[in-house]
Amino acid sequence: MPGSSHYALHPHPFSQWGAGFQQPLLIAGPCSAETEEQVMATAKGIAAGGHATVFRAGLWKPRTRPGAFEGAGAQALPWLQRVKAETGLLTMTEVATTEHVEACLKAGVDMLWIGARTTPNPFSVQELADALRGVDIPVFVKNPINPDLHLWIGALERLEGAGLKRLAAIHRGFSWFERTPYRNSPMWEFPIRLKAAFPDLEIIGDPSHIAGSRDKLGTIAQQALDLGLSGLMVEVHSDPAHACSDAEQQISPEAYAELIQSLIFRQALPSAPMADRLEELRDLIDQLDEEIVQKLGSRMDIAERIGEYKREHNVAIIQPERWERIMRRQLALASHLGLGEQFLKEFMDAIHRESIRRQTSEQDESSGVASAGVPQYPAIGLDR
Ligand code: PEP
Ligand code: MN
């Protein structure tokens, strides 16, 4: 990433946002505003817990496919006004068009966020920035669905260019084409690099959209806090199981209170830096290790499919010429990256053995013959 001096981004930290904004900033509320009753019941439950200070609810929902629940729309704006009047919670919703912005400003919504599907579109972000020009309202920018730091920063820059100073980022993970244990891969190096480039930029975590399920929510929320993020946005619903959107990841107001009480808030000082350098590097290593294992999982799935294909077409499982080509290519890449030749050979041989084990144990199972365990194939290298 180019140095931060290339960017026009000087956001104000929460300490300069005015009364009520401090770390950790806790935002909670349903994925979607569905009915007035659901919104009020959820808000009252959250307020009773006494943890969150901001109520979120999506009024206009960006859905992957048409036909899904697309939110209650502008008719829900008075519900947010009621939330504020009756619970004292600040209100916040997602805006994606000029009309959304205008309706929210008119209704007195306290804060806005830009969703992960809007951030990557410079036309849309510029339209929103233009609609907000001259308005002093906090705007949170979610990371783009694709892992591109420049798009995330660019969206913040467009808003800053329109005069907005109370800007913050939300890390909600990234769409990923491989299987991952999460709905959106956290790729923690992105918020870490963003914070490193702009130390005054507050970044909060959205563990709900990363986890995608209730059971992983606590782990992700704690990881976000351990990395020094400035707060959490969590999806909370009065009746999570029957939510019209994101039912698997929402939790009840009671479960939310328990979650917040179970978390360790290590960083209480507004100006405390991100986790120290060693921790930061260790977190990156953990992230990379996780990605390596995920990639190995995907590689083995494909190896199994190749095994099936070979069986169907009576092709031998082991094909030394193909393996030699792979090794030659990998060794060239390794030498380019400064990886030791011996290490690379042993690593690739271990992968090859596991691939063959997967291909042959499948065969054993399908032919009813018990697998004889891990077959010991000789290491196949270029120096054979
Ligand atoms: C949401 O917050 O409900 C939402 C739609 O999130 P994202 O833009 O992160 O997918
Ligand atoms: Mn959601």
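A residue is buried under 20% relative accessible area, exposed over 50%, and partly exposed in between. In this predicted model, lysine 44 has a relative accessible area of 41% and is therefore partly exposed. The side chain of lysine 44 meets that of glutamate 86 in a salt bridge, at 3.2 Å from N to O. Lysine 44 lies in helix H1 and glutamate 86 in helix H2, so the pair ties together parts 42 residues apart in sequence. Glutamate 86 also has a relative accessible area of 41% and is partly exposed.

A salt bridge also joins glutamate 36 and arginine 82 (3.0 Å, N to O). Glutamate 36 is in helix H1 (residues 36-49) and arginine 82 in helix H2 (residues 77-87), so this pair ties together parts that are 46 residues apart in sequence. Both are partly exposed, glutamate 36 at 27% and arginine 82 at 30%. Glu36, Lys44, Arg82 and Glu86 are linked in a network of salt bridges.

## From H2 to a loop

Lysine 84 forms a salt bridge with aspartate 110, with the closest N and O atoms 2.6 Å apart. Lysine 84 lies in helix H2, and aspartate 110 in the loop between helix H3 (98-107) and strand S4 (111-114). Lysine 84 is partly exposed at 34%, whereas aspartate 110 is buried at 17%. The whole structure has 14 salt bridges.

## Packing of H4 and H5

Helices H4 (residues 122-132) and H5 (residues 149-161) pack at about 25°, with axes 8 Å apart. Angles under 35 degrees count as roughly parallel, so H4 and H5 are roughly parallel to each other. Their crossing is right-handed.

## Nonpolar surface patch

Ile292, Leu333, Leu337, Leu339, Phe343 and Phe347 make a nonpolar surface patch of about 550 Å². Helix H11 (320-337) and helix H12 (341-367) each give two or more residues to the patch. Leucine 337, in helix H11, is exposed at 56% relative accessibility.

Methods:
Residues numbered from 1 in each chain as written. Chains lettered and ligands numbered in written order. Predicted model: local features only at pLDDT ≥ 70, side-chain atom pairs only at ≥ 80, totals over all residues. Heavy atoms only, no water. Patch = residues over 30% accessible without salt bridge, like charges linked within 9 Å, V, L, I, M, F, W, Y side chains within 5 Å. Areas by Shrake-Rupley, 256 points an atom, 1.4 Å probe, with all protein chains shown as cover. Salt bridge = Lys/Arg side-chain N within 4 Å of Asp/Glu carboxyl O. Helix = DSSP H or I, 4+ residues; strand = E, 2+ residues; numbered from the N terminus. Buried < 20%, exposed > 50% of the residue type's maximum accessible area, 1.4 Å probe, protein only. Axes fitted to C-alpha atoms, helices over the stretch in contact; angles between N-to-C directions. Parallel < 35°, antiparallel > 145°, perpendicular 65-115°, else oblique. Left-handed = near helix turned anticlockwise from the far one by under 90°.
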